[in-house]
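Reader: I am new to this structure and would like to learn how to read it, one feature at a time. Could you show it to me before we begin?

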Amino acid sequence: MKYVVYVSNYIIPFVMFYIILYGFLHKTDVYESFLKGVSDGIQTVIHITPTMIALFVSVGIVRDSGALEWICNIFEPAGRLMHIPTEIIPVFIVRVFSSSAAVSFVMDIFKNYGPDSKTGLIVSIMMSCTETIFYTITIYYMSIKIKKTRWTLPGALCATICGTIASIVIAGFLM
Amino acid sequence: MMVGGIVFAAVHGTMDSVTDSFLSSSTEAIKLCIYMLGVMGVWSGMMEIGIASGLMKQIEKALSPFIEWLFPDIAKEEKVKEYMSVNIAANILGLGWAATPAGLKTMEELQKINGKHMEKSSFQKNMLEKADSKRMASDTMCGFLVLNISSLQLIPINMVAYRAQYGSVDPAGIILPAMIATLVSTIAGILFIKLMTRRKHG
């Protein structure tokens, strides 16, 4: 455990160090390139800011109006049929829209059942194996003004669902 | 979505929380953007050093067999491949903030070549598609996003930290299971990509 955290803490500084060292060794104007990249990056962020606001406000409204909870309730009986803990359904659905909201659901589960319970294990693995679909699709496509996303969403859902099923199965083995 | 949420609130009498939500989430979005200005700025700077020094080329060389196999359409597009490699490498290492600028750059480059690989059918249809092609995602874009969403991260350090915070006996115990689950979701994503692009490449 300690070892893993230790390594993780070192990844970012090490990568940065390596990039800069590599730059020096190859006689690159490191500082000049860095500045150019930073202004490039800032441009990108400014470019996606309106999208971010639209996305956050829509997700926020859907969440706080209670609509999300309502959707989750619809799926609950289906979950009970499949013998999966019903608590993980809201996590799964919310995760499609917003990562931070899903994390707060996960915290609740940890608080109520403990992180080492079966439900706790499932959500831990589930949260680790996929990204937020809606956020990624919106930010990436809006930044280049694509309207028709074709098979991106089905593909993303397919990957997410497979990951979720794997999480449930793996957690079943571990318990 | 917004309209749907507001209508729902009107029906269920939760209008007050919608008002709050509008204020808090717009602030949250700006907060995140300001945060992103810093973090993404630094990572873009790092990436630029990598481009100038040729480090990106190295990464690209290492990953290009995989990329070419997955996205044959861009086998000859060096620039796209470079950004995409950085995005994939950063994702594997769990550097989400470094992956995003590289990912956005990839999309930008993909947009430049969007429409280039479209199948040519009748002339008229071709003209129609051309006018619309910049609004429509290319195969590679779809695939690239599916790959990103399926997540390549090896060590889910955030979850480990949350588990530790809530008193787990073995917070890091999920690392191996998470790796397997990630592998499953990524393979599912790749299979999906291959299935969707199969017809075109025989």
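Reader: How many helices and how many strands are there in chain B?

Author: Helices (H or I, at least four residues) and strands (E, at least two) are DSSP runs, numbered from the N terminus. In chain B there are 9 helices and 0 strands, so that the pattern along the sequence reads α-α-α-α-α-α-α-α-α. Before going on, please keep in mind that this is a predicted model, in which local features need pLDDT of at least 70 and side-chain atom pairs count only at pLDDT 80 or more, while totals for chains, interfaces and linings use all residues. Residues are numbered from 1 along each chain as its sequence is written, chains are lettered from A and ligands numbered from 1 in the order in which they are written, and side-chain values use heavy atoms, with hydrogens and water left out.

Reader: How many helices and strands does the secondary structure of chain A come to?

Author: Chain A comes to 8 helices and 0 strands, and from the N terminus on its elements run α-α-α-α-α-α-α-α.

Reader: What radius of gyration does chain A have, and what would a compact globule of 175 residues have?

Author: The radius of gyration is taken over C-alpha atoms, and the globule rule is 2.2 Å times the number of residues to the power 0.38. For 175 residues a compact globule would have a value near 16 Å, whereas chain A has 20 Å. Along the principal axes, the C-alpha atoms of chain A fill a box of roughly 65 × 45 × 30 Å.

Reader: What percentage of the residues of chain A count as buried?

Author: Buried means under 20% relative accessible area, exposed over 50%, and partly exposed in between, with a 1.4 Å probe and protein chains only. By that rule 52% of the 175 residues of chain A are buried, and in chain B buried residues make up 49% of 202.

Reader: Which residues of helix α4 of chain A are buried?

Author: Helix α4 of chain A, residues 88-97, is mostly covered, with 8 of its 10 residues buried. These are A:Ile88, A:Ile89, A:Pro90, A:Val91, A:Ile93, A:Val94, A:Arg95 and A:Val96. The buried residues of α4(A) pack against α3 (67-81), α5 (99-113), α6 (118-129), α7 (133-142) and α8 (152-174) of chain A, where contact means heavy atoms within 4.5 Å.

Reader: How many residues does the contact take from chain B and from chain A?

Author: The size of an interface is often given as the accessible area lost when the parts come together. Here the contact takes 94 residues from chain B and 92 residues from chain A. The area buried between the two chains, which is the accessible area (1.4 Å probe) that two parts lose on being put together, summed over both, is about 7,900 Å², and carbon and sulfur atoms give 77% of it. In chain B, the residues that lose the most area to chain A are B:Met1, B:Ile149 and B:Tyr166, together 10% of what that side buries.

Reader: Which residues does A:Phe110 touch, not counting residues up to four places away in sequence?

Author: A:Phe110, which lies in helix α5 of chain A, is buried, with a relative accessible area of 2%. With those neighbours in sequence left out, A:Phe110 touches A:Pro115, A:Gly120, A:Val123 and A:Ser124, as well as B:Met159, B:Tyr162, B:Arg163 and B:Tyr166. A:Phe110 and A:Ser124 are 14 residues apart in sequence, and their C-alpha atoms are 9.4 Å apart in space.

Reader: Is B:Met2 buried or partly exposed?

Author: B:Met2, in helix α1 (residues 2-12) of chain B, counts as partly exposed, at 33% relative accessibility. Leaving aside neighbours within four places in sequence, B:Met2 is in contact with A:Ala54, A:Val57, A:Ser58 and A:Ile61.

Reader: Where does A:Lys27 lie in chain A?

Author: A:Lys27 lies in the loop between α1 (2-25) and α2 (30-64) of chain A. Phi of A:Lys27 is near 55°, a positive value in a residue other than glycine, and A:Lys27 is exposed, with a relative accessible area of 76%. A:Arg150 has a phi near 50°, again positive in a residue other than glycine; A:Arg150 lies in the loop between α7 and α8 of chain A and, at 38% relative accessibility, counts as partly exposed.
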